[in-house]
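Please read the following note alongside the sequence and the coordinates. It is set out as numbered points.

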Amino acid sequence: MFKLSAEGLNYVQSELTRYETKQSAIIRCLYRAQDENGGWVSNDVINALSEAMAIPAPQIEEVATFYTMFNRKPVGKYHIQVCCTLTCGMMGGRELLALMMKEAGVKEMGEVSKDGLFTFSKVECLGSCDTAPMLQINREPYTENLTFEKGLKLVQDLRTKGGKLESQISKEL
Amino acid sequence: MSTNTIPCTINGKDVEVKEGSTIIEAMKANGVEIAHYCWHPGLSVAGVCRMCMVEIEGNPRLQIACNTQVVKGMKINNTSDKVKDAVKWTLDFHLINHPLDCPICDQAGECGLQDQYMHYGKYEPEMAEAKVKKHKVVDLGPRVVLDSERCILCSRCVRFTDEVSKTNELGIFNRGDRADISTFPGKPLDNNYSMNTVDICPVGALTSKDFRFRQRAWLLKEHQTVCTGCSTGCSTKVFFNKEGLFRVKPVYNEQVNGHWMCDIGRDVYKFVNKEARLFDAKVSGKGTGAGNGLGAEWILPKRAALKVGETLRANKGKGVALVLTGQHTVEEYDALLGFFKNDLGSDRVFHWVNTVGGGPESLEAFDGLLLRGDRNPNTAGLKESLQKFGIKTQWKELLEGLASGAITTVVVAGPENQTFFPDFKAKVVELSKAPRLIWLTAGKNLDLDNLTGDVTLIPLKSYLEKSGTFVNHAGLRQKIAKGLTIVPNALSLTEVAELFAGREIEAAESCSSIGVGRVQNEATTVRGSL
Amino acid sequence: MSLVQRPKPIANWFLPGILSGMGLTFSKLFWNLVTYVGGNRRIPTLNYPEEKYEYSPRFKGNHVLTVKKDGSLRCTACMLCATNCPADCITIVAAEHNDPTVEKYPISYQIDVLRCVFCGFCEEACPVDAIRMGPEWQTPGLNGASFNYDIMQLAYRPQLKGGIASVVDEKERHEAGI
Amino acid sequence: MAEVKYLSEHYDKKEYRSLEGYKKHGGYEQLPKALKMEAAKIIDEVKAAGLRGRGGAGFPCGMKWGFLPNNGEPRYLLCNADESEPGTFKDRVMMERAPHQLIEGMLIAAFAVKSHKAYIYIRGEYTGPAMILKQALAEAKAAGYIGKNILGSGFDCDIDLFIGAGAYICGEETGLISSLEGYKGQPKLKPPFPAVQGYLRKPTIVNNVETLASVVNIIRDGAQAYRKYGTEKSPGTKLFSISGNVNKPGTYEVPLGYKLMDLINNECGGMKPGRSLKAVIPGGSSAPVLTAKECENASMDYECIASLGSMLGSGAVIVIDDSNCMVDVLSTISHFYHHESCGQCTPCREGTGWVEKIIHSIVHGHGKAGDVDLLIKVADNMKGRTICALADAAALPVTSFVTKFRGEFEYFVANRKSMVKPNGANLGDAHVH
């Protein structure tokens with residue numbers, strides 16, 4: 001059963017009064033709960049938020065399933081989101097994604113690799129087309145101007161040295 | 001809302017429309033046919049199905065009728081080719097991911113997609129790609145089943161649970177054409193108005209578990225009546241055919257229930273079906289000419305009533321008591337009380353008050369929308385009649401009379417819908433202490449059957465087989481009419497009063513009798529309209 | 001000119017009329033005997049039951065409820081045949097199938113053969129080719145026999161040898177995404 | 001007329017991002033000047049400057065501000081920083097390099113429309129720019145530019161940052177408002193328009209980042225000086241984000257009316273060696289594509305691009321050279337719209353799915369005869385029948401790609417392989433979930 005941490009709970013309480021209506025705080029609270037639950041939003045998370053914010057659970061699940069940045073299935077430590085739309089698609093984003101997935105030993109998108117480190121997903125335009133092909137890990141700033149070699153090296157570095165993760169971004173934003 | 005009207009032209013016809021109403025309301029008011037799925041008079045405007053497209057002069061783009069207000073002198077047209085083509089294509093977009101399971105869908109025959117397809121359809125489908133697969137037969141709650149593939153995401157049910165039942169159980173999850181209606185795991189669709197979502201669902205996505213696969217919509221006839229589930233008196237229509245009754249749906253009634261109806265009222269047809277009814281009068285007990293040795297004799301209700309009438313009138317109604325419930329019509333009360341008061345001169349009439357769970361205060365219970373604690377349709381009517389005949393009695397007087405032997409005969413006009421009388425068994429035991437018991441009942445009952453002693457059971461008509469008036473809690477008098485006959489020989493209380501008084505009753509006027517002999521299949525004889 | 005042909009006087013003799021009639025019969029008899037003995041017979045008579053007449057595939061005989069590949073009834077109890085039947089002789093009771101992909105099936109399907117006029121409307125109305133009018137028609141029954149054919153008789157009677165497969169099969173349609 | 005750094009004068013300086021650096025280069029001088037002016041006068045100034053919306057629709061900003069009913073209801077000013085149109089990244093550059101320019105512009109706009117509460121709706125993926133903006137907002141609040149009684153003028157306004165969570169549809173005005181209200185970002189029915197009933201049913205103004213930033217320069221130089229750049233009907237300069245097969249993709253600020261070919265050859269260093277121009281998408285993925293021939297005399301302003309049958313939109317120029325297969329490019333665009341359709345209206349929800357599946361089957365060699373015409377028919381019947389313009393945005397590229405490059409589509413259907421990349425593996429591997 002997922003329980004919000006004490007710090008998380010008063011973050012949620014403070015968010016409730018920040019906007020004109022408490023509904024507007026759902027997105028930020030979901031970000032916070034997702035980080036506390038290891039990167040994905042489970043039904044328990046939604047239940048916990050529903051009690052903490054006194055908002056009916058279906059409304060929170062509607063928001064959680066509508067937006068792409070909330071994962072409804074477990075993800076690895078590094079959720080690598082490669083952009084494959086229009087310009088990145090032309091500049092080889094899809095081939096890069098296929099190569100990195102083979103390197104990380106993952107067959108399907110959204111699947112967690114055996115060592116629990118990697119999950120790959122194809123995302124839509126991330127708004128950095130001049131530095132195509134590019135990707136985003138979890139909610140970090142973008143990793144840009146990639147080539148196939150750089151992509152493979154990135155996967156190997158993450159597996160061996162581990163990445164510099166400011167993954168607690170939800171504390172800031 | 002000022003009530004002055006605005007002139008405008010719909011399909012070339014000049015009409016006057018209430019100020020501030022949208023085009024679709026104007027068209028509905030003037031009986032103009034317009035295709036629509038997500039708009040519902042009782043809900044907010046969603047404007048998502050895009051079927052109610054109309055062409056407005058001076059506006060190049062087609063506008064949706066459900067959200068566009070009528071302006072003075074507006075020329076609206078929804079029969080032009082541009083509109084027909086738009087609706088045809090929008091309907092095609094509805095159908096490209098729709099599963100072809102009309103054979104197993106309960107909504108077939110009354111489905112919005114089928115009707116519009118026959119009216120606007122493209123008939124040659126051009127979609128050759130794979131359809132989006134979603135989950136079927138989803139258990140949404142105790143009374144509703146969902147089929148996401150049939151759902152056209154018109155959000156009527158979601159708006160219903162947000163605006164009318166205010167229980168927020170349903171939501172549309174995911175995005176784009178992967179979206180589907182669902183409840184949150186652990187919070188099923190389980191409020192007292194959940195079956196309304198089945199009525200307002202224009203397609204077969206939400207179907208009722210009670211009616212699942214039991215009959216086809218086009219083989220059913222309907223009869224408008226008043227629900228006897230509680231004292232609100234909602235207008236409903238009952239669906240039946242020669243095998244019996246199958247379901248109840250609400251009818252729009254501005255004063256009482258609007259467009260809705262509660263789930264308890266949905267089962268109010270079950271006690272009227274053949275299997276729950278008493279067909280013949282049963283006279284049992286010693287010394288009443290019950291000669292067949294079994295101690296009980298099944299005779300025609302008319303003859304049983306006449307015999308009882310003679311004995312009552314013979315000893316001038318001495319020691320006779322009458323028990324009434326709020327389940328019958330005003331006319332029946334007047335007739336029976338008239339007989340007891342005038343012919344027998346006895347004013348020992350008692351009101352059997354049924355409280356479903358909880359004490360007398362549960363009678364005043366009200367769930368905020370429609371359901372009231374008093375589960376009888378005509379308690380107000382009964383009180384009115386008792387007052388008219390000047391009868392002020394307490395239930396304990398009956399008990400004392402029984403105990404002291406002052407009351408020798410008890411005539412009970414039993415409840416039709418026994419499910420709302422939890423104290424039925426106790427009352428049967430209590431009243432059977434009387435030396436002679438005459439129980440008028442519409443439904444069979446095990447306790448009544450195995451009563452020994454001098455008991456006469458006379459079958460009564462149910463509320464669907466007789467006409468009369470109900471008075472709801474607010475004093476609104478609502479008429480019910482005779483729609484069908486399930487037990488041909490049953491009597492209404494008026495007829496019982498006539499027979500008690502010794503007068504003959506004329507033959508029941510003919511009506512399509514149910515459950516007796518072969519009735520031509522209406523669906524085929526009116527083939528033209530199939 | 002009157003169209004009525006008055007009988008000529010020779011008619012009163014009767015014998016010439018009889019002889020010319022019998023002449024025709026005997027010539028046929030003689031000709032059939034010769035060809036029957038000779039082997040290349042042109043006589044149209046069939047020696048029933050050894051020889052039976054071959055009806056066309058459109059012949060509307062006894063009803064057949066087709067089956068799916070796994071042997072279960074193809075019928076989904078959609079009542080279209082019962083609705084379309086002018087004689088109203090089909091009564092179906094539907095029930096919930098425990099396999100969610102099938103959902104609805106007939107728990108009882110009866111045709112009152114005495115009322116059936118073999119018009120084939122049920123065959124036309126069926127959306128999934130579940131009922132067909134088969135080639136057999138010789139099905140005698142004593143007055144005691146039940147002429148209300150049920151599922152066993154309609155779908156799995158011995159002559160059908162385990163059931164006739166239906167053209168429409170649910171699994172293929174699901175895979176094709178229809 | 002080469003590149004003009006009118007807005008982006010000090011973008012290359014790192015300290016321009018902080019409050020002191022911004023003030024050092026003339027920052028926050030227009031705010032006091034504006035606060036002393038009459039609110040209506042600012043609106044007239046913006047109207048006179050002819051500033052058109054930079055987000056995509058190009059609606060005159062002054063006129064939009066003029067729609068506000070003065071019925072005493074609280075008004076909201078929303079900055080649309082959702083920027084999810086494929087090919088567009090100019091807002092990100094502006095927010096990273098000059099957050100205070102945006103804040104000052106918003107304060108002036110808020111004062112002009114008498115709004116006391118403003119939100120910056122930034123897309124969820126832009127965590128970098130969001131951190132910078134959060135920092136800038138804190139600095140501005142500390143310096144007294146945001147909050148109660150700004151600079152003693154009696155006008156108080158609070159600006160807050162709202163983080164989105166990944167939905168292209170929240171770039172649409174009413175979609176953004178629904179998302180801000182905490183629901184799914186599904187567009188609302190219009191009428192009522194946001195200017196009359198928007199956020200929480202109150203009058204709301206939604207403007208793009210670049211539009212609000214330009215307000216600062218309009219107040220500084222005045223309407224006539226602003227009109228020095230650009231053409232008569234499309235005044236001022238615009239940041240164009242150029243990407244695709246060019247040597248130096250990036251964000252360049254040029255006056256409106258600047259020749260497209262000059263933009264590609266001069267600013268962006270021309271095409272890659274050995275490759276020739278095949279097509280250009282002038283205004284983001286929802287703008288109809290221009291063939292190389294049409295690009296010759298195209299100049300980057302609303303009227304000229306519109307005359308060529310396309311849209312300037314958000315000014316995202318995507319250059320496609322002859323090494324790309326147009327069917328493959330269209331498959332990524334149609335996958336984008338199928339994935340981003342919010343699913344409210346049937347024509348768009350089902351239509352985008354259908355279009356993508358047809359192109360998906362063509363790209364994987366299962367194209368059937370008549371598929372090409374079917375694409376046009378489905379696209380035409382999606383347009384104009386939905387609550388928001390996503391259906392039109394999905395249909396326009398399909399119609400333009402198929403009509404202008406019909407040969408490639410016919411070839412693909414007939415020969416089951418691409419004309420440009422015969423053995424191109426992984427083509428259009430936008431798997432349909």
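This is a predicted model: local features need pLDDT of at least 70, side-chain atom pairs count only at pLDDT 80 or more; totals for chains, interfaces and linings use all residues.

1. Residues are numbered from 1 along each chain as its sequence is written, and chains are lettered from A and ligands numbered from 1 in the order in which they are written.

2. Chain C contains 5 helices and 5 strands, where helices (H or I, at least four residues) and strands (E, at least two) are DSSP runs numbered from the N terminus. Their order along the sequence of chain C is α-β-α-β-β-α-β-β-α-α. The radius of gyration of chain C is 26 Å, well over the 16 Å that the globule rule gives for 178 residues, so chain C is more spread out than a compact globule. That radius is taken over C-alpha atoms, and the rule is 2.2 Å times the number of residues to the power 0.38. The C-alpha trace of chain C spans about 85 × 45 × 40 Å along its principal axes.

3. Chain C is divided into domain 1 (1-45) and domain 2 (63-176); such bounds come from an automatic or database domain assignment. The centres of the two domains of chain C, taken over C-alpha atoms, are separated by 51 Å.

4. Of the 178 residues of chain C, 20% count as buried. A residue is buried if 20 or more other C-beta atoms lie within 10 Å of its own, exposed if 12 or fewer, and partly exposed in between, with C-beta atoms placed from the backbone. Among contacts in chain C between residues at least 6 apart in sequence, 70% join residues at least 24 apart; two residues are in contact if their C-beta atoms, placed from the backbone, lie within 7 Å.

5. Between chains D and A, 46 residues of chain D are in contact with 38 residues of chain A. On the side of chain D, α7 (127-142), β5 (237-244), β11 (316-321) and α13 (326-340) each supply at least two residues. The largest share, 6 residues, comes from α13(D). By class, this side of chain D has 19 nonpolar, 18 polar and 9 charged residues. Here Ala, Val, Leu, Ile, Met, Phe, Trp, Tyr, Cys and Pro count as nonpolar, Asp, Glu, Lys and Arg as charged, and the others, Gly among them, as polar.

6. The contact between chains B and A takes 12 residues from chain B and 9 residues from chain A. Strand β8 (residues 170-173) of chain B gives the most to the side of chain B that touches chain A, with 4 residues. The residues on that side of chain B divide into 5 nonpolar, 4 polar and 3 charged.

7. Over residues 289-293 of chain B, pLDDT stays under 50, and the model has 7 contacts beyond four places in sequence for them. Over residues 515-530 of chain B, pLDDT also stays under 50, with 14 such contacts.

8. Helix α10 (residues 395-404) of chain B has 1 buried residue among its 10, so this helix lies largely in the open. Gly405(B) follows α10(B) and has a positive phi, near 85 degrees.

9. Cys268(D) lies in the loop between α10 (260-267) and β8 (277-281) of chain D. Cys268(D) counts as buried because it has 23 C-beta neighbours inside 10 Å. Lys248(D) is 20 residues from Cys268(D) in sequence, yet 4.6 Å away in space, C-alpha to C-alpha. Leaving aside neighbours within four places in sequence, the contacts of Cys268(D) include Ile242(D), Val246(D), Lys248(D) and Leu263(D).

Terms used: pLDDT is the predictor's confidence in each residue, from 0 to 100.
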